[in-house]
Amino acid sequence: MNTAISRGTTPERPNGARILIVGGGYVGMYTALRLQRKLKAELKRGDVEIVVVTPDPYMTYQPFLPEAAAGNISPRHVVVPLRRVLDQCKIVIGEAQSIDHAKRTATLTTLATLEEGAEPEQISYDQLVLAPGSVSRVLPIPGLADHGIGFKTVEEAIGLRNHVIEQMDIASSTRDPAIRDAALTFVFVGGGFAGVEALGELEDMARYTARYYHNVKPEDMKWILVEASNRILPEVGEEMGKYTVTELRRRNIDVRLETRLESCVDRVAVLSDGARFPTRTVVWTAGVKPHPILAATDLPLNERGRLKCTAELTVEGVTHAWAAGDAAAVPDVTSKQPGSETAPNAQHAVRQARTLGDNIVHFLRGEPLETYSHAYAGSVASLGLHKGVAHVYGRKLKGYSAWFMHRTYHLSRVPTFNRKARVMAEWTLAGLFKREIVSLGSLEHPRAEFELAAGGKPPEDPKGSS
Ligand SMILES: Cc1cc2nc3c(=O)[nH]c(=O)nc-3n(C[C@H](O)[C@H](O)[C@H](O)COP(=O)(O)OP(=O)(O)OC[C@H]3O[C@@H](n4cnc5c(N)ncnc54)[C@H](O)[C@@H]3O)c2cc1C
């Protein structure tokens, strides 16, 4: 086997190849892991350098965000520290602002450039892996940008948990029925994975928490799920989607299908069916769109803004550029429908990262590339403690068995043994003791106490709504 690494093309690396990975999420982290494992000798000799550029020093295991919001997993255990797992790579905390692939350069802002007020840095590369994922697809709905919150990051998940408990505290202490009503109304827009799981877990947590309030009962709260299409959770199929609607309604959750949010100006959620809900909580989970950085490259995009890719995970029509995950339009070779693309989910992202890493190694060694092929296996979703729904390899499960499968599956998938052990320990302890019901929203204002002591004003609206 020919193990020679192709030589670098830039003057600063006459003998090596720099692989630049943009994004430290599923694709970025798993690709880097694969490369660092397969190119051990080359990394040691300095023939290859792997640079990962990412805004945060951790990878977020997004399927655990709803459990983090419910307080079943602590925020630190939902993330994987990149510097520890990618110890053979260079981690740069920053953001790619643009990419000139023709010149093999990326322009980055880093914490240092921001601190120094300096111009963005240019970094050259030989191979580019573009994996910035997706961002919330926000529509121009009046008031949404001012009052909505997404559910894609650990900050949002924990912020929402604190916010929900704070609203219960407000409701418990106010004498104004209008404020109480708005505080206890929670509107979620979007009936996909993120929306249904976040609502299911938070409602379950709030229902439990209510038993510690003398004047807030579960039936005082309004939980509303708004979905534009006629079904929710399409990932688990039609039958299980219908079951989920029935299960949520049984819990007194107001599921409104074929309904859209039209406005949330002045903290009143106005729906397309005419309903109006004064509320301090609008959670927007109505889909994702490819990351806007893709438009700041000279690489080809499809009509939906995803990078046009081949089934070998190269970017179409160019050399030395690779992509996968939510940002990439990868042909689904297992589908009978011509033109199908793989869906933006973790199931594909993890597997694509493995093939992508292998293909870069094949490319560097002059070997033929592999084709990415994976038929969607189905999905599992949690709807709260001991409640779930699943449709995996044709098997449909609901209730406790689906919830148990959800936990087992994600425990097997969360990266590193360290994280698995910590999550397992937390679940075990949670089974032995009562649930956590505390809100630490004040963590978001760590200087408030000191500022007050120093004679300053307390921060405005410390119980600020999202
Ligand atoms: C709440 C929730 C629950 C989910 N549950 C499931 C589930 O149960 N099953 C499932 O299959 N899928 C699930 N998903 C979807 C899954 O998490 C995504 O499909 C997956 O994360 C996509 O991987 P990715 O690497 O493409 O993007 P990401 O994992 O989002 O990674 C993108 C990375 O790029 C970084 N980045 C962004 N911009 C830049 C820039 N300019 N420069 C450098 N870096 C940048 C980001 O900070 C991030 O680290 C869920 C998603 C959410 C939000």
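The model is predicted. In it, Tyr 26, Val 27, Tyr 30, Thr 31, Arg 34, Leu 35 and Lys 38 of α1 are in contact with a set of residues in α11 that includes Ala 346, Ala 349, Val 350, Gln 352, Ala 353, Arg 354, Leu 356, Gly 357, Asp 358, Ile 360 and Val 361. By class, the residues of this contact between α1 and α11 are 11 nonpolar, three polar and four charged. The axes of α1 and α11 lie 8 Å apart, and the two helices pack at an angle of about 35°. Their crossing is right-handed.

Helix α11 itself covers residues 346-364, which is 19 residues. From the first C-alpha to the last, α11 reaches 27 Å, close to the expected 27 Å at 1.5 Å a residue. Its buried residues are His 348, Ala 349, Gln 352, Ala 353, Thr 355, Leu 356, Gly 357, Asn 359, Ile 360 and Leu 364. Which elements do the buried residues of α11 pack against? They pack against β1 (17-22), α1 (26-38), β8 (127-130) and β20 (321-323). Just after α11, Gly 366 has a positive phi of about 70°.

The contact involves Leu 160, Val 164, Ile 165 and Met 168 on α7, with Leu 202, Ala 206 and Thr 209 on α9. The residues of this contact of α7 with α9 comprise six nonpolar, one polar and no charged. The crossing of α7 and α9 is right-handed.

| Helix pair | Axis distance | Angle |
|---|---|---|
| α1 and α11 | 8 Å apart | about 35° |

Arg 267 sits in the loop between β14 (261-263) and β15 (268-271). Its phi is near 60°, a positive value in a residue other than glycine. Arg 267 counts as partly exposed because it has 17 C-beta neighbours inside 10 Å.

Leu 313 lies in the loop that runs between β19 (307-308) and β20, and β20 is one of the elements against which the buried residues of α11 pack. The phi of Leu 313 is near 75°, again a positive value in a residue other than glycine. Is Leu 313 buried or exposed? There are 27 C-beta neighbours inside 10 Å, so Leu 313 counts as buried.

Gly 394 belongs to the loop between β23 (387-392) and β24 (395-398). Gly 394 has 8 C-beta neighbours inside 10 Å and therefore counts as exposed. The C-alpha atom of Gly 394 is separated by 9.9 Å from that of Val 236, although the two residues are 158 residues apart along the chain.

For the chain as a whole, there are 14 helices and 24 strands. The C-alpha atoms fill a box of roughly 75 × 60 × 45 Å along the principal axes. Buried residues make up 42% of the 466 residues. Among contacts with a separation of 6 or more, 65% are between residues 24 or more positions apart.

Conventions: Residues are numbered from 1 along each chain as its sequence is written. This is a predicted model: local features need pLDDT of at least 70, side-chain atom pairs count only at pLDDT 80 or more; totals for chains, interfaces and linings use all residues. Helices (H or I, at least four residues) and strands (E, at least two) are DSSP runs, numbered from the N terminus. A residue is buried if 20 or more other C-beta atoms lie within 10 Å of its own, exposed if 12 or fewer, and partly exposed in between; C-beta atoms are placed from the backbone. Two residues are in contact if their C-beta atoms, placed from the backbone, lie within 7 Å. The expected span of a helix is 1.5 Å times one less than its number of residues. Axes are lines fitted to C-alpha atoms, for helices over the stretch in contact, and angles run from 0 to 180 degrees between N-to-C directions. A crossing is left-handed if the near helix is turned anticlockwise from the far one by less than a right angle, and right-handed if clockwise. Ala, Val, Leu, Ile, Met, Phe, Trp, Tyr, Cys and Pro count as nonpolar, Asp, Glu, Lys and Arg as charged, and the others, Gly among them, as polar.
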